Amino acid sequence: MTDYSELARALDERIAAATDLAALEAIRVEALGKSGSISELLKSLGRMSPDERREQGPLINGLRDGVAAHIARRKAALEAAELDAKLAAEQVDLSLPPPPARRGRVHPTMQVLDEMIAVFADLGFSLAEGPDIEDDFHNFTALNFPPKHPAREMHDTFWLPENERGERKLLRTHTSPVQIRTMQRLNEKLPGWIANGPPQNNGQPPIRVIVPGRTYRSDSDATHTPMFHQMEGLVIDRAIHMGHLKWTLDQFIARYFETPLVETRFRPHHFPFTEPSAEMDVKCERSGAEIKIGQGNDWLEIVGCGMVHPNVLRNCGLDPDVWQGFAFGFGIDRLGMLKYGVPDLRDMFSSDVRWLEHYGFSAFQAPNGSTGLS
Ligand code: DAH
């Protein structure tokens, strides 16, 4: 009978004498590693006769378990000693100033978006959304763009490859398709209203929404980027007229630019989805690169707008003899450039952190300089 006690004693001695984790690991590999002394003994079991194996098996396995347990105990003791030594040697100097925290900045477009939403929410508008990937019907046809009309080309559309149903989707060129989606949803509710009378709806008109979102056109210069942000507005009710549109936009301009009511003017324009259509200008003063809203004798175009075209109402299943409405479309980034003096639109999306440090906003700063705590 082979006696393993000599080997066990030798290993025990070495384990107990190991003074650091690296030395202990070397012993473990020597004994229990792939070709360690105990691993070789375990392998030799396979070459023994059954009787021999019955006798030697428990002895070798016992040896292995005993050595492994001893190594684990020694390891725990060495780790604890190492930590104690570290704690004794290292001290935290609480008098040191903390390293400066890196603060993120709010992108001007998001700041402007929040400000715009705050103003329109105050005027009773709610938010609507639609998809960035649109179809031709919602982006053009339902908005009264005639087939092959040059206005479609003017939008420099990004078309997607044809899908398996033979349709070509597109990246929406404006937020106006959400007008269609919103009116279609209203139309779904109408049969119930006709049957049961109009909803009380807290005295709110059927539709009063703003639609902020990303829009896309194949265009790039100091005032155009392939992706930009628009905010659509849509009001639908009975007996809506241009006076409502003008009042709403005047209120918005004064509140957004934080000025008293500013002189504005409507210039006739053409959009397929509104009739009449207009661009609204505000009084401003240009001195060099700077533009001051509400002063001086210049005019600055600020928003496209008009009364919703009867064809658009019909395309959404609404009777133009019952329902009227107005719509408008702002460039959100452009309003940010005007209010916060950003000279080149392309910089807005260049993802340069230094630019954001300069033009960005603190996340804790409420619009209009208030603390947001009142
Ligand atoms: N969709 C227009 C554009 O992208 C902007 C616009 C003009 C929207 C007039 C409107 C509107 O709702 O009434 O150029």
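Reader: In which strand is the place of Pro 276?

Author: This is a predicted model. In it, Pro 276 falls within strand β7, which covers residues 274–287.

Reader: And the peptide bond from Glu 275 to Pro 276, is it cis or trans?

Author: The bond between Glu 275 and Pro 276 is cis, and its omega is near -5°. Most peptide bonds are trans.

Reader: Which residue has a positive phi although it is not a glycine?

Author: Asn 144 does, with a phi of about 75°. Most residues other than glycine have a negative phi.

Reader: Where does Asn 144 lie?

Author: Asn 144 belongs to the loop that runs between α6 (136–139) and α7 (150–154).

Reader: Changing topic. What does the domain assignment give?

Author: The assignment lists domain 1 as 4–88 and domain 2 as 108–359. Between the C-alpha centres of domain 1 and domain 2 there are 76 Å.

Reader: Now the ligand. Where does it sit?

Author: The ligand is in the largest pocket.

Reader: How many residues surround the ligand, and which are the closest?

Author: There are 15 residues around the ligand, and the closest are His 174, Ser 176, Arg 217, Gln 230 and Glu 232. By class, 5 residues of that shell are nonpolar, 8 are polar and 2 are charged.

Reader: Which strands each supply at least two residues of the shell?

Author: Strands β5 (227–237), β9 (298–308) and β10 (324–331) each do.

Reader: What lies 2.9 Å from an oxygen atom of the ligand?

Author: An N or O atom in the side chain of Gln 230 lies at that distance. For Gln 179, a polar side-chain atom is 3.1 Å from a ligand oxygen. Phe 328 contributes a polar backbone atom, 3.3 Å from an oxygen atom of the ligand.

Reader: How much of the ligand's area does the protein bury?

Author: The protein buries 91% of the 350 Å² that the ligand exposes when taken alone.

Definitions and conventions. Residues are numbered from 1 along each chain as its sequence is written. This is a predicted model: local features need pLDDT of at least 70, side-chain atom pairs count only at pLDDT 80 or more; totals for chains, interfaces and linings use all residues. Side-chain values use heavy atoms; hydrogens and water are left out. A residue is near a molecule or strand if one of its heavy atoms lies within 4 Å of it. A polar contact is a pair of N or O atoms within 3.5 Å; within protein, one must be able to donate a hydrogen and the other to accept it, and residues adjacent in sequence count only if both atoms are side-chain atoms. Accessible areas come from the Shrake-Rupley method with a 1.4 Å probe; for residues, only the protein chains shown count as cover. On a 1 Å grid over the protein atoms alone, a cavity is a set of points where a 1.4 Å probe fits but cannot get out, and a pocket is an open set with protein on both sides within 12 Å along at least five of seven lines; lining residues have an atom within 4 Å of a point. A molecule sits in a cavity or pocket if more than half of its atoms lie within 2 Å of its grid points. Helices (H or I, at least four residues) and strands (E, at least two) are DSSP runs, numbered from the N terminus. Ala, Val, Leu, Ile, Met, Phe, Trp, Tyr, Cys and Pro count as nonpolar, Asp, Glu, Lys and Arg as charged, and the others, Gly among them, as polar. Domain bounds come from an automatic or database domain assignment.
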